[in-house]
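My notes follow in the order in which I checked things.

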Amino acid sequence: MESLSNKKKLIESKPLNFWERAYLPAILSGLSITMKHFFRKPVTISYPEEKREFSENFRGMHSLKRDENGKERCTACGLCALSCPAEAITMIAAERQKGEEHLYREEKYAAVYEINMLRCIFCGLCEEACPKEAIYLDGDIVPADYLRKDFIYGKDKLVEAPLNQ
Amino acid sequence: MELADIIIKFVLIVIIFAISLVVAMYSTYAERKVAAFFQDRIGPNRAGPWGILQPLADGGKMFLKEEIIPTNASAFLFIAGPSLAILTACIGSAVIPWGQHLTIGSHVIDLQVTDINVGVLYIFGVVSLGVYGVMIGGWASNNKYSLLGAIRAASQNISYEISMGLSIIALLMLTGTLSLREIAEQQHGFWSHGWFTWNVFRQPLGFLIFIVCAFAETNRTPFDLPECETELVGGYHTEYSSMKLGFYLFAEYINMFISSAVMATLYFGGYNFPFMHHLGLTENWVTILGVIALFAKIIFFIFFFMWVRWTIPRFRYDQLMDLGWKILIPLAIANIVLTGVIGTIFK
């Protein structure tokens, strides 16, 4: 049938000539090809010592940001949890008490904020949904662990380090 | 024989034994390192600097693994298999001349354990005994994959021994002796009477057949059908664990070392190197340099084994048999005829 796409190729299968059947010239050229690879620079990156550079828009582990005065930005509005397609985020909101103004920026804050790193698909929708610019996926690769429960990261692992410490 | 001679021989045996074990040990390391370089990787580099201690770590692992003897296996034969494999691998080194002689005081030490006048036949005998280790191990495992691997190994080794022997006959027609020491001596230096002295330049076709057969005899790729993982799980040593498996793997590397040494001795001048008597050195220094030259040749051949492994894919079994029976044997016979005709003309 006539080819419509013009991509059709006729493959010729000629019988092998003597040198091709003798197999040895082919082995020699194969040996020279592998020898070229022998002297090539290895492409290996020795991981823990050396790290591959991430691209600029790499999405790694989440971090909960603080503002310029060191107060937590998150107000526990729950938009990140709502936007999360994997339902990895949960939180419990609490009201800011007197004397805690230096800790939390708004009157409401997240007393518990948990992300299940096994559920998270690192899509970045939480960071897009956040109205307070409080969550960013700007961390490293989430490290391996032994138990499922250890992959539920609380505020101890997520919140940025305080400013003056 | 004096007591001193016996002690010297004993020390020589121990040294050669130790060297072949160390070479085999570091062949496993070299195999992984060379494989890595051929694949643009780095290879083992965690145990010691550049991974030098890797073979020790592997050996330690082998010793500490659980020792399993399958319930339905014949325990005696199951243990006899790897023992025989490593035994036959080790005794092959006895007739290889490692160098000329060292003169220490009044003693002249031949760097060879024993110079029997049927050295080549001895090597062949030992090589064909090596099949029994594989065969017994595969049979005793009472497992169909092991048995298939063992049958493959046996038929492959027997088929290729024929053409190997025929290729050697053409060489022996030139040398007129079966003693490896005399064969090495005949290839003295590098150039004399207007032609190279090394046998590879007199028997290029014979060498080609010999090296192909050596690959098949040592079960190396492209002829590693006895243990091809993709078809037979692990081949004849599927059921083996711990140091018994280690012995099988070790025997393979020792075989590779010995066959490299045999190839270097028969075809590449053994311990001879170019200009060995034009450097103005004393006898002992020439001998030591000769030993180094022999080991350089051996290491090159071991490297070549690995180089080929990462270049050529495995043969199919019928292709293997085709190559052995329909191509190599007629070629080897043609080589004998050719050697005879040329030898008669130029006598």
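Predicted model: local features only at pLDDT ≥ 70, side-chain atom pairs only at ≥ 80, totals over all residues.

I started with Cys126(A), which is buried at a relative accessible area of 7%. Cys126(A) sits in helix H4 of chain A. I listed its contacts, leaving out residues up to four places away in sequence: Cys126(A) touches His62(A), Cys80(A), Ser83(A), Ile89(A), Ile135(A) and Leu137(A).

I then looked up Cys123(A), in the loop between strand E3 (108-116) and helix H4 (125-129) of chain A. Apart from neighbours within four places in sequence, I found Cys123(A) in contact with Arg59(A) and Pro85(A).

I checked the record for these cysteines. UniProt, in an unreviewed entry, gives the feature "binding site" at Cys84(A), Cys120(A), Cys123(A) and Cys126(A). The four span 43 residues in sequence, but no two of their C-alpha atoms are more than 10.5 Å apart, so I noted that they gather at one spot.

Next I went to chain B and its helix pair. I took helix H9 (residues 242-267) and helix H10 (residues 283-309) of chain B, whose axes come within 8 Å and cross at roughly 120°. I recorded H9(B) as oblique to H10(B) because of that angle. The crossing in which H9(B) passes H10(B) is right-handed.

I wrote down who meets whom in this contact. From H9(B) come Met256(B), Phe257(B), Ser259(B), Ser260(B), Ala261(B), Met263(B), Ala264(B) and Thr265(B). On the H10(B) side they meet Leu294(B), Phe295(B), Lys297(B), Ile298(B), Phe301(B), Ile302(B), Phe305(B) and Met306(B). I sorted the residues of this contact into 12 nonpolar, three polar and one charged.

I finished with Tyr271(B), in the loop between H9 and H10 of chain B. Tyr271(B) counts as buried, at 1% relative accessibility. With neighbours within four places in sequence set aside, I found Tyr271(B) in contact with Pro97(B), Trp98(B), Gly99(B), Gln100(B), Arg181(B), Ala184(B), Glu185(B), Gly290(B), Ala293(B), Leu294(B) and Lys297(B). For one of these, Glu185(B), I also looked up the spacing: it is 86 residues from Tyr271(B) along the chain, with 8.9 Å between the two C-alpha atoms.

Technical notes: Residues numbered from 1 in each chain as written. Chains lettered and ligands numbered in written order. Heavy atoms only, no water. Axes fitted to C-alpha atoms, helices over the stretch in contact; angles between N-to-C directions. Helix = DSSP H or I, 4+ residues; strand = E, 2+ residues; numbered from the N terminus. Parallel < 35°, antiparallel > 145°, perpendicular 65-115°, else oblique. Left-handed = near helix turned anticlockwise from the far one by under 90°. Contact = heavy atoms within 4.5 Å. Nonpolar A, V, L, I, M, F, W, Y, C, P; charged D, E, K, R; others polar. UniProt positions renumbered as here; feature names shortened; annotations may be inferred. Buried < 20%, exposed > 50% of the residue type's maximum accessible area, 1.4 Å probe, protein only.
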